[in-house]
Structure formats: structure tokens, C-alpha cells
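Trainee: Can you walk me through this model? I would like to start with the contacts.
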Amino acid sequence: MRFQFATASAALSILMTAAMAGTFFGFSVGVMPGLNATKASSAIAAMNAINQKIQNPAFLASFMLAPVVAIAAGVLLWTMGEKPAAWLFFAAAAVYFVGAFVPTAAINVPMNNDLANVKVPSDLTEAAKVWSDYSGRWTTWNTIRAVFCGISLLLMGAGAYVWGKTN
């Protein structure tokens, strides 16, 4: 039974982390450049709408549970004597937490909240300044989140590979 739970938690952590890596990547290479190509007032309004709508069960579950499920996989693997694979899942959870969760809580969400409190300026120059101040910094930190999710995903994949070699 532990084998099935370990398999399910490993697969689920990989799936959720891949979803987060893809989400962050898509924002950095598509959404933000697209918003940057529009009028600043439209970009501000669109980003505020996106920030409201992304707070949904599918996103929040993947974002919050990916490292938790990776730890669960690590614990199960550890109890099965698969210590090298377990350490890789623990490392993946730590990388995710440090590189995706912490920046989200400390930087991206506070920036989103600040943007939500801005009354969209009607003056084009003022709106451009608000958007410019937000977009570059937000995208940089979002890209960092994407990279750390990718590293976490690679560690999980390595954990699954190591585990598979012993069976």
C-alpha cells in the first residue's frame, strides 16, 4: 500500500509542480509581454482582473500543495528504504518553497495588492509610470519563480528515476 501512496504522491507532486512552472513561465514569456504591448491603463485593469481570477481552487491547490505532496512522497520513500529518492523529493520541496512560495508571499502578492489599490490613472504618462514600475519587477520575480519550479521539477524527476532504478 505504501508503494501505491508513494507513487501517487510522487506523480501528483510532479504534476502540480509542472503546472506551476508552466503557469509562471507562460506569464513571463506571454502574458506580461502581451500586457506590456497594450495601453498601460488597459494593462493595469487586465492584470488586476487576472490577479482576482487566478485565485481559484485549481491554482491555489497546485501552488500550495505541490511542496506538501513532495514531502509526503519523500516520507513514504524514506519509510520504504528509498533514501536517495526521498532526499531528492525533500530537496525539491525545499527549492519550491524557497524559490516559488517565498517570493510569491513576500514580493508578487504584495505587488499585486498594491496594484489593486491603484486608481487607474487617466493620464497616459502617469499610467505608463505605474505599469512600468510594476511590470518589470513583477516579471523578474515571476521568472525566478518559474526557474525554481523548473529546478524543483527536475529534482522530482531525478527522485523518480533513482527510485525506478532500484525496483
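**Contacts, rings and a pocket**

Mentor: Leaving out residues up to four places away in sequence, Met32 touches Phe27, Met47, Trp131, Tyr134, Ser135, Trp138 and Thr139. Contact means heavy atoms within 4.5 Å.

Trainee: Where do the numbers come from?

Mentor: This is a predicted model, in which local features need pLDDT of at least 70 and side-chain atom pairs count only at pLDDT 80 or more, while totals for chains, interfaces and linings use all residues. Residues are numbered from 1 along each chain as its sequence is written, and side-chain values use heavy atoms, with hydrogens and water left out.

Trainee: Which residues touch the most other members of the largest nonpolar core?

Mentor: Met32, Leu35, Met47, Leu115, Trp131, Tyr134 and Trp138, out of 14 residues. Two or more residues each come from α1 (2-36), α2 (40-53), α4 (83-116) and α5 (124-166). A nonpolar core is a set of buried Ala, Val, Leu, Ile, Met, Phe, Trp, Tyr and Cys residues joined through side-chain atoms within 4.5 Å. Buried means under 20% relative accessible area, exposed over 50%, and partly exposed in between (1.4 Å probe, protein chains only). Helices here are DSSP runs (H or I, at least four residues), numbered from the N terminus.

Trainee: How many aromatic pairs are there?

Mentor: A search of the whole structure gives 11. Rings of Phe, Tyr and Trp (its six-membered ring) pair if their centres lie within 6.5 Å; planes under 30 degrees apart count as stacked, over 60 as edge-to-face and the rest as tilted. Phe27 and Trp138 have ring centres 5.8 Å apart and planes at 55 degrees, so that pair is tilted. Phe27 sits in helix α1 and Trp138 in helix α5, 111 residues apart.

Trainee: Are Phe27 and Trp138 buried or exposed?

Mentor: Both Phe27 and Trp138 are buried.

Trainee: What about Trp87 and Phe90?

Mentor: Their ring centres are 5.7 Å apart and their planes at 80 degrees, so the pair is edge-to-face. Trp87 is exposed, at 52% relative accessibility, and Phe90 is partly exposed, at 22%.

Trainee: New topic. What is the volume of the largest pocket?

Mentor: About 410 Å³. Asn51, Ile54, Gln55, Val109 and Asn112 are the closest to its centre among the 22 lining residues. On a 1 Å grid over the protein atoms alone, a pocket is an open set of points where a 1.4 Å probe fits, with protein on both sides within 12 Å along at least five of seven lines; lining residues have an atom within 4 Å of a point. The volume is the space filled by probe spheres set on the points, which are joined across faces, edges and corners.

Trainee: Which element gives the most to that lining?

Mentor: α4, with 6 residues.
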